[in-house]
4 protein chains.
Amino acid sequence: MASNSFGETFRITTFGESHGKAMGVVIDGCPAGLALNENDINEFLNLRQGGKTKYVSPRKEQDKGEIVSGIFEGKTTGMPIAIIIKNKNIASSKYESIKNLLRPGHANYTYLKKYGVFDYRGGGRASARETVCRVAAGAVAKKILEQHKIKTAAFVKSIGNITAEISTKNIVNLRKQTYQNVIFCPDQKAAILMMQEIDNIIAAGDSIGGIVEFIITGLPAGLGDPVYERLDANLARAMLSIPASKGFEIGEGFKSAQMKGSEHNDIFIPRTGDRQVALTNHAGGVLGGISTGMPVIGRVAFKPTASIMQPQKTVDLKGKAKILKLPAGSRHDSCVAIRAVPVVEAMCALVIVDALFLNQ
Amino acid sequence: MASNSFGETFRITTFGESHGKAMGVVIDGCPAGLALNENDINEFLNLRQGGKTKYVSPRKEQDKGEIVSGIFEGKTTGMPIAIIIKNKNIASSKYESIKNLLRPGHANYTYLKKYGVFDYRGGGRASARETVCRVAAGAVAKKILEQHKIKTAAFVKSIGNITAEISTKNIVNLRKQTYQNVIFCPDQKAAILMMQEIDNIIAAGDSIGGIVEFIITGLPAGLGDPVYERLDANLARAMLSIPASKGFEIGEGFKSAQMKGSEHNDIFIPRTGDRQVALTNHAGGVLGGISTGMPVIGRVAFKPTASIMQPQKTVDLKGKAKILKLPAGSRHDSCVAIRAVPVVEAMCALVIVDALFLNQ
Amino acid sequence: MASNSFGETFRITTFGESHGKAMGVVIDGCPAGLALNENDINEFLNLRQGGKTKYVSPRKEQDKGEIVSGIFEGKTTGMPIAIIIKNKNIASSKYESIKNLLRPGHANYTYLKKYGVFDYRGGGRASARETVCRVAAGAVAKKILEQHKIKTAAFVKSIGNITAEISTKNIVNLRKQTYQNVIFCPDQKAAILMMQEIDNIIAAGDSIGGIVEFIITGLPAGLGDPVYERLDANLARAMLSIPASKGFEIGEGFKSAQMKGSEHNDIFIPRTGDRQVALTNHAGGVLGGISTGMPVIGRVAFKPTASIMQPQKTVDLKGKAKILKLPAGSRHDSCVAIRAVPVVEAMCALVIVDALFLNQ
Amino acid sequence: MASNSFGETFRITTFGESHGKAMGVVIDGCPAGLALNENDINEFLNLRQGGKTKYVSPRKEQDKGEIVSGIFEGKTTGMPIAIIIKNKNIASSKYESIKNLLRPGHANYTYLKKYGVFDYRGGGRASARETVCRVAAGAVAKKILEQHKIKTAAFVKSIGNITAEISTKNIVNLRKQTYQNVIFCPDQKAAILMMQEIDNIIAAGDSIGGIVEFIITGLPAGLGDPVYERLDANLARAMLSIPASKGFEIGEGFKSAQMKGSEHNDIFIPRTGDRQVALTNHAGGVLGGISTGMPVIGRVAFKPTASIMQPQKTVDLKGKAKILKLPAGSRHDSCVAIRAVPVVEAMCALVIVDALFLNQ
């Protein structure tokens, strides 16, 4: 089954394993004439990589995207754009000791059941390392969205029980403040509490879940296609395809299940300009699967990282009881929701570009 | 954009509008040799239609699926199976009076922006009427799953603030009790409270949201494909494609965002039989996008029905202030989550059959 | 495998067996606002059906397409358009006697090997009856092409050893003359010889092959997508999907294999208007898989009908020697190339509409 | 439009331009557990590249495929396999002088019309250089086919007016003899005449067309899916997607249009073993779009290379009359049909693997 592609008209195909030679993405369907260079890619890759803090698992060298095809004289040609990101700073050998153990919450068991083999080095293709390709492709998608004045942002909404209070009025500032913060939370007060929480979690050899909120502005009304290619359905699929995500909601989401129609319905207000707006945006910018022109807002839930430093009971490949103890120095994010922020933003951009092109 | 198809190997294509001649679905990819007749379809259609209670919007005559193709001597032939469900008991004229008003929370605005036209009769294709086709196709999918001893169920988990306590241990009983209850909630105590809540909502001319939980058992480990065709990602897309759904979660879902890794990881226990199981199932039966062999469990949030009998402020097509008052006798579910139960179950079946066939 | 759909953005899904209740097609991706009624469909269906002559196998009653969905107030709504064509005048019982015999040149053997079952009544889904759905969909595609001033035509180029001499300069006249002729050959002299040939073939209880030529004019330069969605590649697939077709060529086709580059290259001539034209059109309107703006011209080879009235040696399902003698009164075209003419034209229209929409 | 992918379950996505950094292909859907290394790829790449003769355009250094992902401990993992082939020995500057001229028979005009830009260096993505990716992927497909005892071969059937007489009885010998011959024609007598013809063509600064025949043996009956995914339809699309191809036929192909049913029908003979065979194979191994179990045989017509050394009349980008004179030392095949042989074989393998997996 060919399952490493995403999108219909702006389609990405990704490849690579965490400790293989390189990660890569082929972008098919990018229009000709778009100015694009490796800096455009690398700026977004840098955001994903984060600073050299303890809050995201470090690779010592920065990821660099190399554009292999699809560019001529500084512009896209309409041909597929392949971007390669070499894997450096790899320490595979330490995984040898645990290669025969099932890892709780981890994909090695299911890969073994499905494929009979698992590239255990750093998690192989099941590693969040794969998301570097989404971000590289998202950088291209964002350049296209710029031409349509469509903006995307994502940020940490909560970590554990700490929830940020964030205004989404000014998306440009919001995005700036997000990426200036080491844990990608633009609410400075909450961010401090979150960092303390993570400090505790790291000290305990544990991990913690979190929620990422996304927002997309500048969308025209009319994007998305009933019945099965609804904008929100495609966003849901995009977000649930990110490693460790366990939930998706749009607008009020799960809260809407507790609301009455008279509360939830967004009342249209008499039009003054050429855009029809509503008093509220409980719907999150989508009605009947089609964009309303209001901001598209939603949230993605991430479970706590499966890899924790505490010893865990488990079994080996034969089902015999064992203790799993990750090797000292293993690199894992204690809260994957943080690094997921640019990934969620990238997936927003990919979904919207596809919807835009399908709408033409 | 061709967006009325769902699935890759077991692909359904649906058509029809609420007040058009008929609804229909073409099922492509059903294996040859499956015993199938119209009763198989109609039993599941009857569940969707509910009894003649006030809790689901009534059509006086039962829906009947007519199999037009793909069956020979009582069995499928491998050729496409077309099922037609005639629309009866239609009262379109009453919608005339409101055809030029934007309806808050409703898709008529977005359809108008996208297509320049909206078949306003009963909501046209944006109506939940479309889900009759999913249920008809789901009936066929469920017959295939039976051969693999895979079972599906769905039920009302909550309505407004009332949440049911439901054991998912015995899926056969669970399903039976669900469909015996007029609001599809197998927790009898909660069901009574929910009915009272809906009585109040109807009296107030309002509507209310709810959550549907689904469960799938008997799955082998190994279904679902990384990276973009994960089982949970495809379930998410399937569920968000149902009208009025606003959220999806798998396993602990949004709750996992508040959990620690040491709590959330499902600990594998020493194997006694041929299936590797874990102590808990926080993951909801999916790791790395691939089934673990444990039950797949998740939830779908439904917003309150957009159509309410209370007058609402709105605007007309030109943006001028108006009052929307639905005509007396309009048929709307006061809580769409109820009728969504067999639809959620049908979508589960469709996703799983596709994953099964892709895995062969 | 879902294999009853054709096209990406303008996608048709067909269903139905020769002697089942009905044939049908769902058209997904037709833009809103197109004036469309059943007459538009039926006019083209009538061409496929031919007059009541011996040259095409007769069904006594005319095919009538019933539009079930996707139209509101006389125009398309952007929703899927389902068209049903009831099967009438069916005489299935006569096939009983030969149901256990393999039929030389016929698909019953391969269907049996693949599916383990074959709906032998009139050929089931393997019958050319399926092409009625393509023509119905083609009628809609042609209405879209009209808006872009793109015209399509097809005609009988040869039957057996008789080849027509036909100028393709005036496509409107060409099409008119084609459909006025009972065997769809606009070269009146050749047509008479062809009819004589068919008379002889019928008398001998035999069948004969033929070639259909197609032409598409008014295309803008730039349709079709390298590398794997070339316009000519998609035309090739479209044509080889028609029952009994065995070959496809574009431009000079197989003749080009005998030519030199200095002969075959079409020399561009100095531009006078806004279209760049060439002296010749050996390429058949496509270079590098993309339309040049010159007419797209090609040919499709059809084998002689497999069903012949002569007795044939064969075997039964167990491989034992038998004689196949089709029942008297069996309805078969003696030359399928004739009835294939509107089908080839319909497939041209479907491919071009898809390429147009993909190019937007 | 995403058009650089081919196949459904075994899907290749290719990228790269003739004079860019590298060519590459991502293979998605290769099963886990297949032994695969770079030699497997390079052996087939070497065949494509040909010896250092004048009959195929030389690149001085051999193409080397580098496997970047999808292999672990010498075997495939089920993850996407990316193969990169670096471009070496590039001489782009000589194309500068002709970059503003339309090249007769060449894709630069249509690319310019479609994309507004053309990477003129060596033909960019429109170059036959792209086929190196198909051959690399075909090498993997052939390893899969080996496991199913399915064999493929292709050879030069004709060049200009010279046609080879070739028995296809022993496919192993046939393939061996083909690749031992410098122009890939296993009929030694014809090959000598063909070489003389090409000598003359080169001397005249011209080019010549040719026909490639392919054969696939060992197929089970039952591959291919009616109606639109017929095996022959997918082969047709595959072959027409090869640069310079202008026609496709299966079995008797265009010759069948001159035959009678009584001649063309392949008579089944009483079964002795477990395979049902027929006396003849006019059908070319496919009935109703599904394999019969007999060898699949067909032919692909290639036009003469568009790039010829003779001066040609043409126009520039503005439509003004010019003379095109390719720079001395330009590397072009005088007969692309020769180098197309392993490409045709590769496309056979890709189509068959896809059909195999879809049939499971």
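**Close-up 1. A positive surface patch is formed by lysines of chains A and D.** In this predicted model, A:Lys64, A:Lys86, A:Lys88, D:Lys64, D:Lys86 and D:Lys88 make up the patch, where a patch consists of residues with over 30% relative accessible area and no salt bridge, like charges being joined within 9 Å and nonpolar side chains (Val, Leu, Ile, Met, Phe, Trp, Tyr) within 5 Å. Lys and Arg count as positive and Asp and Glu as negative, while His and the chain ends are not counted; the place of a charge is taken as NZ of Lys, CZ of Arg, CG of Asp or CD of Glu. D:Lys88 sits in the loop between strand 7 (81-86) and helix 2 (108-115) of chain D, helices (H or I, at least four residues) and strands (E, at least two) being DSSP runs numbered from the N terminus. With a relative accessible area of 32%, D:Lys88 is partly exposed, on a scale where buried means under 20%, exposed over 50% and partly exposed in between; accessible areas come from the Shrake-Rupley method with a 1.4 Å probe, and for residues only the protein chains shown count as cover. The model is a prediction in which local features need pLDDT of at least 70 and side-chain atom pairs count only at pLDDT 80 or more, whereas totals for chains, interfaces and linings use all residues. Residues are numbered from 1 along each chain as its sequence is written, chains are lettered from A and ligands numbered from 1 in the order in which they are written, and side-chain values use heavy atoms, with hydrogens and water left out.

**Close-up 2. Glu8 of chains A, B, C and D forms a patch of negative charge on the surface.** The patch gathers A:Glu8, B:Glu8, C:Glu8 and D:Glu8. D:Glu8 belongs to the loop between strand 1 (5-6) and strand 2 (11-15) of chain D, and its relative accessible area of 35% makes D:Glu8 partly exposed.

**Close-up 3. A salt bridge links A:Lys21 to D:Glu66.** The closest N and O atoms of this pair are 3.2 Å apart, a salt bridge being a side-chain nitrogen of Lys or Arg within 4 Å of a carboxyl oxygen of Asp or Glu. The pair joins two chains, because A:Lys21 lies in the loop between strand 2 (11-15) and strand 3 (22-28) of chain A and D:Glu66 in strand 4 (residues 65-67) of chain D. A:Lys21 is partly exposed at 43% relative accessibility, and D:Glu66 is likewise partly exposed, at 28%.

**Close-up 4. B:Lys114 and A:Asp225 meet in a salt bridge.** Their side chains approach to 3.9 Å, N to O. B:Lys114 lies in helix 2 (residues 108-115) of chain B and A:Asp225 in the loop between strand 10 (210-217) and helix 6 (231-240) of chain A, so this pair joins two chains. B:Lys114 counts as buried at 18% relative accessibility, and A:Asp225 counts as buried at 6%.

**Close-up 5. B:Glu96 and B:Lys99 form a salt bridge in chain B.** The closest N and O atoms are 3.5 Å apart; B:Glu96 is partly exposed with a relative accessible area of 41%, and B:Lys99 is partly exposed with 29%.

**Close-up 6. Helix 3 of chain A is mostly covered.** This helix comprises 17 residues (131-147) that should span 24 Å at 1.5 Å a residue, and its end C-alpha atoms are 25 Å apart, which agrees; the expected span is 1.5 Å times one less than the number of residues. Of the 17 residues, 15 are buried. Just after the helix, A:Lys149 takes a positive phi of about 60°.

**Close-up 7. Backbone features of chains A and D include cis peptide bonds.** Most residues other than glycine have a negative phi, and most peptide bonds are trans. The bond between A:Pro226 and A:Val227 is cis, with omega about 5°, and A:Val227 lies in the loop between strand 10 and helix 6 of chain A. In chain D, the peptide bond from D:Pro226 to D:Val227 is cis, with omega near 10°. D:Phe184, although not a glycine, has a positive phi of about 60°; D:Phe184 is placed in the loop between helix 4 (171-180) and helix 5 of chain D and counts as buried at 5% relative accessibility.

Conventions: Buried means under 20% relative accessible area, exposed over 50%, partly exposed in between (1.4 Å probe, protein chains only).
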